[in-house]
Amino acid sequence: MSRRVIVISVGAVVAVLVGLVAVFFFLASSSSASSIAGAAEDLSSEERVARDPEPGLPAQGVYELVVTGSETLSRGPISVKRDLPDRAPMIVRHTDIGYETEIRYSSDHVEWVRYRLAGPGASATWAQTKVGATGVSTTRPREWSPPPLRLPMDVAVGDTWEGDYKSGDLAVRIESEALREDTVTVGGQSVDVIVIESTQTVEGEYSGSRREQFFYSTESGLVVRYVIESDLDGPVDLRFDADQALASLEPLL
């Protein structure tokens, strides 16, 4: 009985691998925008907590963000850089103790933060990041202990506050300062804000630094503009830079 011998050259194998890598980079180098209408549909299907208006509590609903920025994901020798879509939905949900924000930067990147609204202002109790490429993603939910004050209600230029916190298994040092008063134009309307800058030093599974600026309207409880520079090394290194602003003070739903 004859036996066929199949010989595949090293060059052919390399060509196939190069082709697969090229396809991966092509697919991973861009993310599709998340639908504003889809976010509104998702929120409308949920059971919502009803809260009376109070200082520091933003109106519940879906807001449109105008975004500029990019992100770079690296693992070993593979690195992918992609621009963020220029529009993104932000869902604000009321909770029993405050509210939650969910920002869908793209189909591959979503950020959640839950806030406790009490005493001096809004303190972060929980956060979750979902980021990935080509349908493969990682999700990291983390409880904050103790909850760091992020958005104080009674704040004046020059005020500073700092502390050491645990975000899940991460050790985080946060230093914050109220830099200045400013105005931001949102949907043709001038909004008075206080600009708060926070820097984070992160150690643990992920390590690195984050610098954030919150253009915070204490009247509406909304961060009408947010700027972040984040550089974290871990199982997947992530560099994330974004400058986002509300398109309107009124939610779509």
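User: How many helices and strands does the protein chain have, and what makes a run of residues count as one?
Analyst: The protein chain has two helices and 14 strands, where a helix is a DSSP run of H or I with at least four residues and a strand a run of E with at least two, both numbered from the N terminus. This is a predicted model, in which local features need pLDDT of at least 70 and side-chain atom pairs count only at pLDDT 80 or more, while totals for chains, interfaces and linings use all residues. Residues are numbered from 1 along each chain as its sequence is written, and side-chain values use heavy atoms, with hydrogens and water left out.

User: What is the pLDDT of the chain, and where does it stay under 50?
Analyst: pLDDT, the predictor's confidence in each residue on a scale from 0 to 100, has a mean of 88 over the protein chain, with 87% of the residues at 70 or more. Over residues 1-29 it stays under 50, and there the model has 15 contacts (heavy atoms within 4.5 Å) beyond four places in sequence. Where pLDDT is low, predicted coordinates should not be read in detail.

User: What makes Trp144 and Tyr165 an aromatic pair, and which strands does the pair link?
Analyst: Their ring centres are 6.4 Å apart, which falls within the limit, and their planes stand at 75°, so the pair is edge-to-face. Trp144 in strand β7 and Tyr165 in strand β9 (residues 160-167) are 21 residues apart, and the pair links distant parts of the chain.

User: Why is Ile174 called buried, and what does it touch?
Analyst: Buried means under 20% relative accessible area, exposed over 50% and partly exposed in between, with a 1.4 Å probe and protein chains only; Ile174, at 4%, therefore counts as buried. Ile174 is found in strand β10 (residues 170-186), and its contacts beyond four places in sequence include Trp144 and Tyr165, both of which are buried as well.

User: How do you know that Gln128 is buried?
Analyst: Its relative accessibility is 16%, so Gln128 counts as buried. Gln128 is in strand β6 (residues 121-133), and its C-alpha is 6.0 Å from that of Arg142, 14 residues away in sequence.

User: What makes the charged end of Arg114 sit over the ring of Trp126?
Analyst: The criterion asks for NZ of Lys or CZ of Arg within 6 Å of the ring centre and within 35 degrees of the ring normal. The charged end of Arg114 is 3.9 Å from the centre of the Trp126 ring and sits over it.

User: Which peptide bond is cis, and where does Pro146 lie?
Analyst: The bond from Ser145 to Pro146 is cis, with omega near -15°, whereas most peptide bonds are trans. Pro146 lies in the loop between β7 (136-145) and β8 (149-152).

Methods:
Rings of Phe, Tyr and Trp (its six-membered ring) pair if their centres lie within 6.5 Å; planes under 30 degrees apart count as stacked, over 60 as edge-to-face and the rest as tilted.
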